[in-house]
Amino acid sequence: MRKKIVAGNWKMNKTYSEAVPLLYEIKDLLFKSKKAESVIKIIAPPSLYIHDFYETTKGLKNLFVGAQNCSYEESGAYTGEVSATMLKSVGAAYIIIGHSERRSYFKETAEELKKKTEITLKHGLTPIFCIGETMEKRQANEHFKIVEAQITDSLFHLSPADFQKIVLAYEPVWAIGTGLTATTAQAQEMHHHIRSLVEKKYGNAVSSEISILYGGSCNEKNAAELFACPDVDGGLIGGAALKAKEFIEIIHSFPA
Ligand code: PEP
């Protein structure tokens with residue numbers, strides 16, 4: 001059975017004194033929710049809050065703390081970097097890799113993302129690997145090709161055993177933080193395409209089990225219709241993950 005997952009990417013938002021009350025609000029709502037228990041919930045705050053978040057949410061069923069990025073190096077003289085083992089040592093279980101903001105603002109390359117994925121897997125953490133096209137590429141009808149290249153270049157060298165540990169997140173760049181959401185038809189079409197690529201490479205046993213999340217202005221109003229798509233297994237949430245009630249409503253949006 002594919003896992004149902006909702007991951008909240010807090011990005012570079014909230015000071016510590018703002019972040020803690022928000023986390024407690026989310027925690028309280030999750031404690032009261034039986035429905036949320038079966039969903040895998042990931043909160044990816046700024047990395048310096050990970051340890052606190054991990055300690056605070058211990059005991060909440062299927063709740064994990066994630067990081068938004070990691071270094072592709074093991075350790076050493078890399079000023080400003082944070083390694084996968086450091087993140088693991090403070091409680092992170094997931095690492096978001098290849099978010100479009102990192103690809104565009106920090107010029108992360110397919111080769112770097114490949115190494116980040118490898119080091120994440122090596123240390124027993126789960127990568128949430130992001131892929132997605134710009135509006136320009138969609139309008140040029142190159143969106144399938146772009147997404148295929150992103151997966152092929154950074155992930156298709158992995159063994160089936162490693163690949164099946166990954167969570168994929170389809171995030172059309174034009175929908176991130178813009179209020180524009182992919183239609184259910186667009187999301188399902190791309191998720192199906194991604195699953196077909198995985199099937200072709202690794203076979204049905206892997207493709208039918210891998211979770212593919214949708215991200216891009218997903219909120220409490222549109223989550224239910226997106227999560228009802230047969231190939232959408234949950235969401236990677238930005239803005240709406242910073243509002244406790246909205247985040248819980250998204251978690252409640254899977255079909256029964
Ligand atoms: C994201 O940054 O991964 C994201 C999906 O952001 P938003 O939900 O704000 O579009």
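What follows is a short chat about cysteines, one glutamine, a helix pair and a loop.

Author: Quick ground rules: this is a predicted model, where local features need pLDDT of at least 70, side-chain atom pairs count only at pLDDT 80 or more, and totals for chains, interfaces and linings use all residues. Residues are numbered from 1 along each chain as its sequence is written, and side-chain values use heavy atoms, with hydrogens and water left out.

Reader: How many disulfides does the structure hold?

Author: A disulfide here is a pair of cysteine sulfur atoms within 2.5 Å. The sulfur of Cys 70 has its closest cysteine sulfur in Cys 130, 12 Å away, so that is too far for a bond. Seen from Cys 130, the closest cysteine sulfur is the one in Cys 70, again at 12 Å and too far. The number of disulfides is 0.

Reader: Is Cys 130 buried or exposed?

Author: Buried means under 20% relative accessible area, exposed means over 50%, and partly exposed is in between, using a 1.4 Å probe and protein chains only. The relative accessible area of Cys 130 is 1%, so Cys 130 is buried.

Reader: Which residue has a side chain joined to that of Gln 188 by a polar contact?

Author: Gln 188 is buried at 17% relative accessible area, and it touches Cys 229, Pro 230, Asp 231 and Val 232, leaving out residues up to four places away in sequence (contact means heavy atoms within 4.5 Å). A polar contact is a pair of N or O atoms within 3.5 Å; within protein, one must be able to donate a hydrogen and the other to accept it, and residues adjacent in sequence count only if both atoms are side-chain atoms. At 2.7 Å, the partner side chain is that of Asp 231.

Reader: How is H7 set against H9: roughly parallel or oblique?

Author: Helix H7 (residues 143-155) packs on H9 at about 40 degrees, axes 11 Å apart (axes are lines fitted to C-alpha atoms, for helices over the stretch in contact, with angles from 0 to 180 degrees between N-to-C directions). Under 35 degrees counts as roughly parallel, over 145 as roughly antiparallel, 65 to 115 as roughly perpendicular and the rest as oblique. That makes H7, relative to H9, oblique.

Reader: What is the separation of the C-alpha atoms of Thr 109 and Ser 154?

Author: Thr 109 lies in the loop between helix H4 (100-105) and helix H5 (110-122). Along the chain, Thr 109 and Ser 154 are 45 residues apart, and their C-alpha separation is 9.1 Å.

Technical notes. Helices (H or I, at least four residues) and strands (E, at least two) are DSSP runs, numbered from the N terminus.
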